[in-house]
Amino acid sequence: MKTKLLSLCLSALLCNMIPAVSYATSDTIVPDTTVPAASTTAPSLSISALQKLQWQPINTHDTQTIILNSTSQQFNDGDIRGAVAAFALSANQGPLEITLNSLIKDKQVYSPNVLVFDEQLRPAAFYPSHYFRYQQAGIMSVDRLEGVLKLTPALGQQRIYLLVYTTRADLQDFTQMVDPAKAYAQGVGNAMPNIPDPTAHHTELGTLTLKVKSERDAGNILIGQIFSPPTSKPVIVGSTQAISKPTITPSADLSQSAVFTVKPVLNDTEQYFNDAITKAISNGDIDKALKLLNEAERLGSPTARETFIQKIKDKR
């Protein structure tokens, strides 16, 4: 009976082989002015400095508005300048989708960078400022910088942490906006007015909104170490090369804002899952092995299925 069960599992897997997940960048934008290289480097912060921060709890499904002003926490360390926001998120509710907006007001905006830490305050993922792209105002929204973070906390953690900050390089930069008259003309089909687009200067203060929701699908970045050494570097999300700003001309299509879409690569978790699958099959726990296989493939493992099949063959 046991041999028959193993054979059925193997047959089902061989009939449903699927290609490994691959990730790539997309969208091309017209070059104008490049973002300083410093914006693509994750800072190295001491545990003692991080422990002094007051981490604000954020609940799933909440949308939180954060005013960064002169009374907000300051974290002037290295290139980090001005007010920062520090969040603590529940890590025991599965994958998370986090939408961070920085609102443009009076042609000024806070240009955010986000560093994500696991429960032990070890850096796990880094979202540079150029990951947060300009979005035009809509019926229910204002001009803003926006980015979506998809994270999968590793099992066993209670909290993960997000540090939002801006840098000296960001403060020397600006955000190209779209003039409302052009957006209106585009929307009603009128001729595009030949007027310059405004710019929003980057400042040390600003207004953020943070929306957190649970996701059925796994996030792209695994937060928390399963087997990686403590010295592993955070995953940098977005291109590590200089990113060009979009140039907007009267003939440009303004029906959509320029969006830079990036799907980051996964942390190297394959060995952990392969070892766990091997152990489960050796112990005769095929159900557990299948669950591990499903989880590994949701995280993008290209070798978990091959490991499962080979161990089933060996077991026979």
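Student: What span should the 13 residues of helix α5 have at 1.5 Å a residue, and how far apart are its end C-alpha atoms?

Tutor: This is a predicted model. At 1.5 Å a residue, the 13 residues of α5, residues 270-282, should span 18 Å, and the end C-alpha atoms are 18 Å apart, which agrees.

Student: Which residues of α5 are buried?

Tutor: The general idea comes before the case. An α-helix has 3.6 residues a turn, so residues three or four places apart point the same way. In α5 the buried residues are F273, N274, A276, I277, A280 and I281. Looking down the axis of α5, these buried residues fall within an arc of 165°, so they line one face of the helix.

Student: What follows α5?

Tutor: G284 follows α5, and its phi is positive, near 80°.

Student: How should I read a sheet, and what is the strand order in the open sheet of three strands?

Tutor: Strands of a sheet pair through backbone hydrogen bonds, either parallel or antiparallel. Here the open sheet of three strands runs in the order β5-β12-β11, and its pairing is mixed. β5 (108-109) and β11 (174-176) are at the edges with a single partner strand each, so one side of each has no neighbour in the sheet.

Student: In which sense do β5 and β12 pair?

Tutor: β5 pairs with β12, residues 199-202, in the parallel sense over two bridges. Q108 stands opposite H201 in β12.

Student: How many salt bridges does a search of the whole structure find?

Tutor: The criterion is a side-chain nitrogen of Lys or Arg within 4 Å of a carboxyl oxygen of Asp or Glu. By that criterion, the search finds five salt bridges. One of them joins the side chains of K150 and E97, at 3.7 Å from N to O. K150 lies in strand β9 (residues 144-153) and E97 in strand β4 (residues 96-103), so this pair ties together parts 53 residues apart in sequence.

Student: Are K150 and E97 buried or partly exposed?

Tutor: K150 is partly exposed, with a relative accessible area of 34%, whereas E97 is buried at 14%. These two residues also belong to a network of salt bridges that links E97, K150 and K213.

Definitions and conventions:
Residues are numbered from 1 along each chain as its sequence is written. This is a predicted model: local features need pLDDT of at least 70, side-chain atom pairs count only at pLDDT 80 or more; totals for chains, interfaces and linings use all residues. Side-chain values use heavy atoms; hydrogens and water are left out. Helices (H or I, at least four residues) and strands (E, at least two) are DSSP runs, numbered from the N terminus. The expected span of a helix is 1.5 Å times one less than its number of residues. Buried means under 20% relative accessible area, exposed over 50%, partly exposed in between (1.4 Å probe, protein chains only). The arc is that of the directions from the helix axis to the C-beta atoms. Two strands pair if DSSP finds at least two bridges between them.
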